[in-house]
Amino acid sequence: MLPATRPSEAADSAKVLDRPTRDLHEALIGYFREQGFEHFEPASIVTGDESFNGGLRYDETGMHEKPGQMSIQACARVEDIQAKNHADVLPLFHIFYCISQEETSSSETLAQLLDYLTNGAKLDTARFAFVTIPEFEPHLPTLEKFGFDTGRQIHFRNSEQAKDAGDGSGFFRFPGDSDAKAFATVGIYYWTGDGAPPKLAQYPPQQGWTEIGEASIDEQADFGFGLGTERLGLAMHGSIPSWQDRLVLLFDQIELASAGNPPPGKDKFANG
């Protein structure tokens, strides 16, 4: 069983987040609450399973409660240590995610996400790109409704290659479970580089493209969509916390959650 976050733990970790991230989290919850989603508390950063990811929370997988719920999950990925020189990679980051509402299609859930990104967060539609698979074609009218150029702003991957990768841009498969089923997705990217955004013509994308979220396009999956909140903040405001600041916060959260018996993931980050 996955350990639940103690109410005091969730409150304490929220208090020490930087103000821009706190404000964004409050805005996300408020916006989607108005769309009928119900907020529930996140899980601990410590999973209790030291066989994967150093015993730290990889993402929101396994946190699903019921349709129409949302949460903001604190995560840390040991694999990210090797990419710590990238400004948009952090030792501790957050995923805001929504579970699709009952009797809501994946196109309708995608529209809810795009409505927030374009009207709520007021991101520039010209700076978006989408990475997915040819099976996304039925969703093209949803993108066109929000003013996206589906001839230029979508990069299609080979379905089998995307499924084998399972990295969220075409398909996602939770890497902590060898029996996990892959489900079809669309990766949502935003140009945070200098100048006008170029066409995203390759995968992995060229430097300057930042993945800010993923949405399910699989009608059988209960997952609706997820947003990396720090990366979303980068897209909105052009700034993101530093690796060092978030490393200190990660260690604080691990200490709070592990009661003096930290999982091996802490040492990996300390020595990375």
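Start by selecting strands E8 and E9, which form a hairpin with six residues between them; helices (H or I, at least four residues) and strands (E, at least two) are DSSP runs, numbered from the N terminus. This is a predicted model, in which local features need pLDDT of at least 70 and side-chain atom pairs count only at pLDDT 80 or more, while totals for chains, interfaces and linings use all residues. Residues are numbered from 1 along each chain as its sequence is written, and side-chain values use heavy atoms, with hydrogens and water left out.

**The strands around E8**

Keep E8, residues 209-216, selected and show the surface: eight of its eight residues are buried, so the strand is largely enclosed by the rest of the structure. Buried here means under 20% relative accessible area, exposed means over 50%, and partly exposed lies in between (1.4 Å probe, protein chains only).

Two strands pair if DSSP finds at least two bridges between them. Now pick Gly-213 in E8: it is the bridge partner of Ile-188, and it stands opposite Leu-227 in E9.

Next select Lys-122, found in the loop between helix H3 (106-120) and strand E4 (128-132). The phi of Lys-122 is near 60°, a positive value in a residue other than glycine, and the residue is exposed, with a relative accessible area of 66%.

Then go to Ala-259, in the loop between helix H7 (243-258) and helix H8 (265-271). Although Ala-259 is not a glycine, it has a positive phi of about 50°, and it is exposed, with a relative accessible area of 72%.

**The whole chain**

Finally, zoom out to the chain, which holds eight helices and nine strands. Its radius of gyration, taken over C-alpha atoms, is 18 Å, close to the 19 Å that the globule rule (2.2 Å times the number of residues to the power 0.38) gives for 272 residues, so the chain is as compact as a globular protein of that length. The C-alpha trace spans about 55 × 40 × 35 Å along its principal axes, and buried residues make up 54% of the 272 residues.
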